[in-house]
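Here are my notes on this one, jotted down as numbered points. Have the structure open while you go through them.

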Amino acid sequence: MEFFAFNGEAATRYGVAGAVLLHHFAYWVEHNEAHGKNIHEGRAWTYNSSKALAQLFPFWSQSQVKRLVTKLHKDGAIDVGNFNDKGYDRTLWFTLSTEVRELYGSLSSIPKYDTVQCKVQNRAKDGLKSSHQYQNTTKNTSIL
């Protein structure tokens, strides 16, 4: 069984779909920041095409991904750029806005895809209510 994770406060602000995509971006921005990769304009970025994102999130069509990215950008949750080497390359680059970075706090606290199930299960085993920061679905994406 595969899972998705998202931040509950992000879901309140940007909707569940927005929070799922933000969590994906946050994971990769943190990963790239930690490894000194994809640094532009003094910030770490991640990139992907809407087609590839639709494959990672099979419950969204490519059009839905485009609309979601546009909405997150319009709402100030993400910044969008183009740092491609080739002029014809339309792959978009994404980073978190200052507001969303503050919402997550330390990006290193972002739960990794492979640990979310364990954290939720351990909280339940200990009799604790599941944290609002973790949400499970029945599908998961493979890491880029």
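Which residues are linked in a network of salt bridges?

1. That would be E9, R13 and E99. A salt bridge here is a side-chain nitrogen of Lys or Arg within 4 Å of a carboxyl oxygen of Asp or Glu. Searching the whole structure turns up six salt bridges.

2. Before going further, a word on what we're looking at. This is a predicted model, where local features need pLDDT of at least 70, side-chain atom pairs count only at pLDDT 80 or more, and totals for chains, interfaces and linings use all residues. Residues are numbered from 1 along each chain as its sequence is written, and side-chain values use heavy atoms, with hydrogens and water left out.

3. On the overall layout, the protein chain has five helices and five strands. Helices (H or I, at least four residues) and strands (E, at least two) are DSSP runs, numbered from the N terminus. Following the sequence, you get the order α-β-β-β-α-α-β-β-α-α.

4. Now burial and surface. Of the 144 residues in the protein chain, 43% are buried; buried means under 20% relative accessible area, exposed over 50%, and partly exposed in between (1.4 Å probe, protein chains only). The chain's accessible surface is about 8100 Å², and carbon and sulfur atoms account for 49% of that. Those areas come from the Shrake-Rupley method with a 1.4 Å probe, and for residues only the protein chains shown count as cover.

5. R43 deserves a look of its own. Its side chain meets that of D79 in a salt bridge, 2.6 Å from N to O. This pair ties together distant parts of the chain, with D79 in strand β4 (residues 78–81) and R43 in strand β2 (residues 43–44), 36 residues apart. R43 also forms a salt bridge with E41, where the closest N and O atoms are 3.9 Å apart. As for accessibility, R43 is partly exposed at 28% and D79 is partly exposed at 25%, whereas E41 is exposed at 61%.

6. One more pair to check: D75 and K71 form a salt bridge through their side chains, at 2.7 Å from N to O. D75 counts as partly exposed, with 33% relative accessibility, and K71 is partly exposed too, at 44%.
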